[in-house]
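Subject: Structure handover

Hello,

Here is the structure I said I would pass on. My notes on what was found in it follow below.

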Amino acid sequence: MTPRDHESVIAHYKTLPPAQRRTIARAASPKLRAELVRVERQLAMDRSPGALAAVLTGGREMQAPHLDLIDQAFIDMAAGRCDRVMLTMPPRHGKSRRASRWAPLWYLRRNPGHRMMIASYSADLADDHGRWIRDAINTWGDDLGIQLKAGSQAANRFDIVGGEGGLLAAGIGGGLTGRGAHIAIVDDPVKDMADADSPTMRKRAWDWWTSVLQTRLEPVGAICLIQTRWHEDDLAGRILATERDAWRVIDLPAIADSLDDPLGRAPGEALWPERFDVTHHAKTRKRVGERVWAALYLQKPRPPEGGVWKREWIETARINAVQFSGLDMARIVVAVDPAGGESTVGDETGVIGVGRDFDRQLYVLADRSGSMGANDWGLAACRLALELKADAIVVEKNYGGDMARQIVTQAWEQLRREGVTNGLLMPMILEVTAKVGKRLRAAPVAQLYEQQLVHHVGEYPDLEGQMVTWVEGMDSPDRMDAAVHGLTELADPDQLDTLPTDTDDDRFDGRR
């Protein structure tokens, strides 16, 4: 058999299904069989990042169903079947080792002329991934069929012999100069809770994402974002809020909590029970607290329950419209929290109607919140004030400055011209400055709920959902903020005697 014939036989052998290959191998001569063993090893390494890891480590590398999902995502990116992948799963479940180490090694082996980028919250962490991949090529280069160029072997940047392929590693916020990337991996873009809670750090990550990373992709390039969730408006959260349909999202909580789990788990089942079973997770939840558990382990930065408000407080004090009809209100106000600020998550305008009777009981009367521009929320607030016969409209002015009063005034004037106001005087406009103070006010208002002093007249699922899932330290959502503004306006000062005294929030100055 000539060398050309031999190559032709091997090439044909690689195209056959496994059963036919086994039949041929059994009938082959010892020399050919040895060659076919080498071919099978190569085929196995080509199959997936996990298979490559198993071959090179003699089966010692950890494997699991959720890691198979990562493998398939990279297989599809390499084949051009998807170009945006988001992996959100708990710490210590192997996502970075598989997606930021074995997967790039697998991809570069198959595409030695392509370039990859890896970015993390710090250059050191990105360099760690680059160093591991570089050392793996040096260790298993003969098996992989690729070698590093002699003069380009730094941990944060190396090139592969025979073309322009290689890898570049950098920190979030750093430059990615030089060649573009066929696949860019962003792994752990958030350092910790402090960075996640900082609007400045979140904006920094977003600006880097849009102005640096996105500009480095090749025309057919793909991105894989890997992270545990810290905050509703972290990098993953903002992407989900703006372009969810463009992404393949592999969202894997530590404990399954839905019927459409990507792995087909039943609710309550652990993600990797061989390493972290349900008992282990229960201990972890107790140790880290509800906020960290919900964010890092369930991939829900806003916990499903257990925040400052308790649902039972709302349910116990709830009344219906018939019960409310027999009550006399001392005051009614409409409270508005305009959309705006750094976050793009839950970017609604809160428009809530609340009242107080002569016995100091407080009532939530209406929720007209939604995504709307300034003119629309002004009209919504004024219409609700007319409907409820409110004596005031409470508006947070932080993101609108003096525009808040102007918006309400113009909206009322429009309704007057249309004959909707029926000659009624415009309610007072009470502006509040509460960019920081609103967070300080939320907990005392929640205590009014605990004391059964606040009653919801009917049901408000969106508002109530925000209340029972909010915990201190998170950005506060607009519906909840509006309710807090309104209830704080109506509550007697001694009802709010738990308010902090060391704040410069001036929202109460001259109000009572």
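**Around Ser 369**

The side chains of Ser 369 and Asp 367 are joined by a polar contact of 2.6 Å. Please keep in mind that this is a predicted model. Ser 369 sits in the loop between β11 (362–367) and α15. Is Ser 369 buried or exposed? Its relative accessible area is 14%, and the cut-off for buried is under 20%, so Ser 369 counts as buried. A polar atom of the Ser 369 side chain also lies 2.9 Å from the backbone nitrogen of Val 351. Apart from neighbours within four places in sequence, the residues in contact with Ser 369 are Thr 349, Gly 350, Val 351, Ile 352 and Arg 479.

**The cores**

The largest nonpolar core has 63 residues. Those with the most contacts inside this core are Trp 309, Val 334, Val 336, Val 364, Ile 393, Tyr 449 and Met 467. Helix α15 (residues 374–388) gives the most to it, with 8 residues. Val 336 is in contact with several residues beyond four places in sequence, among them Thr 349, Gly 350, Val 351, Trp 377, Ala 381 and Ile 393.

**Aromatic pairs**

How many aromatic pairs does a search of the whole structure find? The count is 6. In one of them, the rings of Trp 309 and Tyr 449 have centres 5.8 Å apart and planes at 80°, so this pair is edge-to-face. Trp 309 lies in the loop between α12 (290–297) and α13 (311–317), while Tyr 449 belongs to helix α17 (residues 437–450), so the pair ties together parts that are 140 residues apart in sequence. Trp 309 and Tyr 449 are both buried. Elsewhere, ring pairs link Trp 102, Trp 132 and Trp 140 into a cluster.

**The sheet**

An open sheet is formed by 8 strands, in the order β3-β4-β5-β2-β6-β7-β1-β8, with mixed pairing. β3 (148–154) and β8 (248–251) are at the edges; each has a single partner strand, so one side of each is left without a neighbour in the sheet. From one strand to the next the twist averages 15°. Strands β2 (residues 115–120) and β6 (residues 181–187) run parallel and are joined by 4 bridges. In this pairing, Ala 119 stands opposite Val 186 of β6.

Two helices pack on the sheet as follows. Helix α5 (residues 65–78) touches β1 (84–88), β6, β7 (217–227) and β8, and its direction makes about 170° with that of β8. Helix α6 (residues 95–110) touches β1, β2, β4 (157–160), β5 (166–171), β6 and β7, and its direction makes about 165° with that of β6.

Ser 120 is found in strand β2. Ser 120 is buried, with a relative accessible area of 0%. Ser 120 and Ala 170 are 50 residues apart in sequence, yet their C-alpha atoms are 6.9 Å apart in space. Not counting residues up to four places away, Ser 120 touches Leu 125, Ala 126, His 129, Ala 170, Gly 171, Ile 172, Asp 187 and Asp 188.

**The ends of α11**

Asp 277 caps the N-terminal end of helix α11 (residues 278–288), with a side-chain oxygen 3.3 Å from the backbone nitrogen of Thr 279. After α11 comes Gly 289, whose phi is positive, near 90°.

Regards

Technical notes: Residues numbered from 1 in each chain as written. Predicted model: local features only at pLDDT ≥ 70, side-chain atom pairs only at ≥ 80, totals over all residues. Heavy atoms only, no water. Pairing = 2+ DSSP bridges. Axes fitted to C-alpha atoms, helices over the stretch in contact; angles between N-to-C directions. Contact = heavy atoms within 4.5 Å. Core = buried A, V, L, I, M, F, W, Y, C linked by side-chain atoms within 4.5 Å. Buried < 20%, exposed > 50% of the residue type's maximum accessible area, 1.4 Å probe, protein only. Polar contact = N/O pair within 3.5 Å; in protein donor to acceptor, adjacent residues only side chain to side chain. Phe/Tyr/Trp six-rings, centres within 6.5 Å; stacked < 30°, edge-to-face > 60°.
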